[in-house]
Amino acid sequence: SSGKGNIAALPSSNSMVSTRESKPEWRSPAQQLESEGHIPSQTQDPCLHWDTAVHQKAPAFLALHHHHHSPWRSILEFLEPTEKLLKDHNGQKPAQITSELDFTESPTQSAVVSVMKKQPAVEKLLNRAGQSSRGSAGAAAAVIWDSCLRGSLGEAQHRHLENFHSRAKHLAANWNRIRTSRRTIIHIPSLGYSQHTREHIPDLALQQNLQMGRLCDILDANVDVIYICPLALSEEVLQYYNKLLGLQAAVRSGNPEDMADLQDRFKILTPEAINSFPEHHMCLATVLRHSPRTLQRLRALLQGRDAYMVWGVPQPDDLAVADELQVPVLGSEPAVAQLYSTKSGSKSIFASAGVPTPPGERDIHSREQLLRALSQLVLDNLEVQRWLFKVDGERGGDGTAFCDVICHLECYPCIQRECPGLGRDSQARELALVKISQELPGLLAQHVQPVNEKRFPTWEKFLQTFLTQGGVIEAFPFSARVTNLTVDVLIEPTGEVTLLASGDQLHAEGPLRCSGTTIPQRSVDPELLQVLCLKIGEACKSRGVLGYFSVDFVAFTHPQTGEQQVWATDLDLCYSDQLALTQLLLYMTDGNLDCGSSPLQGPLGSKGSKSQRVQQEGTKPPGPGSPRCAVASSQLRHSGLARISYSLLLRSCRARGVGFDLQEKQGTVFVLYEDQKRHRLGMVTIGEDLQGVLLTFARNLFIIHQEISAPNMQGETNFKMAIRDIEAILGVPAENKLRLEEEQPREADALKE
């Protein structure tokens, strides 16, 4: 119950779900989709299979070994005869009975059956199997595997899901009170993508730790934060965040002496099992589920408090953890989130919302379908030069390829001449489609460029993944000036849709990969953007989406009409890196962001800023807040960072003017992720005008590179590309550009991209 006792306690997991016999089986929206064939069912990886030996590298088996190390020999002696009969995935019961059995002889069948779930059903199946199955796993084990193990997993997931929805109703009913009362937010930034996708994410643990800005929820005096960290942070990094978050009062007053200790307001917990499964690419939620000590501490911290969880990319283990802790979730059911976060799923949301989207086709699953759809799209949109191919389940541009089709289409001049006669039902159109479709296979094989060339060195490699997972074809804007932007949105438990943050994207590593944002966005009319996002929010809500999500748009000027076009391109039903950085930005400025009008407002600086000096001279006084903007990135890479400690780096930066001014509420703040490899860094630069902030951000990168690079060891980095991207945005003349090569001529060619 609440510490103040004003609402009843949530029912326990066991009491919340009644038996199936007592009521008709409830089916969630995701289960309905599954039954209709739209999404695959999800099962966990057991440590035993009926047709093979014990899987000693399976996550469940490793977790069993980790948690029951002392009696491990006895457990193995029990499991060996057990696998001859059927394969039990629950390690707790074998651990309990090993101390009671005498293993001078093999366990009897009755002893084995005694530790199994659904014991009566197992005995009935064994009796039915008859003499032929005795003494071996045989057919009986196969039957038991299907009916018992999968049934148990299915029942557990069903129970987790029912409890998830029950607690969601409880959260919605009490949301208006909870959101303004003392509460604890548990942040679990887990990336629960498919196993295939996770295997191709380098440094998965680090990627899950890019949102340390979630800690800044303590800006609300009623909020305590528990952040589940996928990495073991050193004392140096922990002290950095203690000091950074302790600046809250100092930021408000402008006086550094007002810094306070806020360690009682936030906790950073690292699950003990983070190193137990090094080869399994487990997401954070799965690791946490196999960390009983961390779960026990979480239960103690949450005792008697209003609390809810905020996920990353959810999967079934997130549901299990929420059920274990008996807390509601401000987020979507995993199957719903995964379905509509795919490229094809997002297109269906946009279509339902009635918002403009690029010409394209979704749900492509065969080579013939791809060639047919692309031929028609090219013919119907002859002004489009570049076409994109996006794999449904991939992330961050990794599953994207592009091709400038028109440039390489030999029949294009002929088709362009015949353009007036290409009506929908004309013979000329059919002939044109035949010509295009005949050229496309060879054209694509030769000219498609995957964004991630290391993973997809050829079109065929990319196409194999594209057709296996499904994907979309999408037009790239036919304009020389294109701006991508991201908007973060929240669907509250009460159904209210709120815009939280916005930013224009930076593209240091190519036009199809976001490397950071300028906050807030300034490329699209804020009122138009709000209308589009609210429509998308309503469409998401109608499909059971809840919590945080982000929408990507592309804005460009139509070359013929001269009018701005805005297309919705991508949807991610999870908490974004941009939102985490925005939380840090707001924390350091004591500001607020109104996406409806797009200004970021912060209190006036404490000492004589320009606006105050104008006021003192007798001119018009400033408004209630001083406008702020920022450049923020979580994607900065430099191998030279490993050569210097964070404390020394920060001191060097301060000595060269890279720091944060508490009085002016301007400057630069770093986001530290870990200190083992130390090759990644986050940075937020804050100021009053966008041009100045962009130049400061680029200068900061230039200074850091100089501080951490040795003459003969420049390192691998994306700093140079980020600087060039900013200079291109600002139109900096060539003679004024920052030149790492000229500053260090001997190493001009050593800086690797």
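**Group meeting: a sheet, its helices and a helix pair**

Okay, let's start with the sheet: S5 and strand S9 (residues 471-475) run antiparallel and are joined by three bridges. Strands here are DSSP runs of E with at least two residues, helices are H or I runs of at least four, both numbered from the N terminus. Strands count as paired if DSSP finds at least two bridges between them. Remember this is a predicted model, where local features need pLDDT of at least 70, side-chain atom pairs need 80 or more, and totals for chains, interfaces and linings use all residues. Residues are numbered from 1 along each chain as its sequence is written, and side-chain values use heavy atoms, without hydrogens and water.

Within that pair, isoleucine 364 sits opposite glycine 471 in S9. The whole sheet is open, with five strands in the order S5-S9-S6-S7-S8 and antiparallel pairing. At the edges you find strand S5 (360-364) and strand S8 (449-450), each pairing on one side only.

Now, what lies across S5, strand S6 (387-391) and S9? That's helix H18 (residues 367-380), running at about 170° to S5. Axes are lines fitted to C-alpha atoms, for helices over the stretch in contact, with angles from 0 to 180 degrees between N-to-C directions; contact means heavy atoms within 4.5 Å. Helix H21 (residues 427-447) lies across S6, strand S7 (400-403) and S8, at about 115° to S7.

Last, confidence: pLDDT, the predictor's per-residue confidence from 0 to 100, averages 81 over the chain, and 72% of the residues score at least 70. Over residues 606-624 it is below 50.
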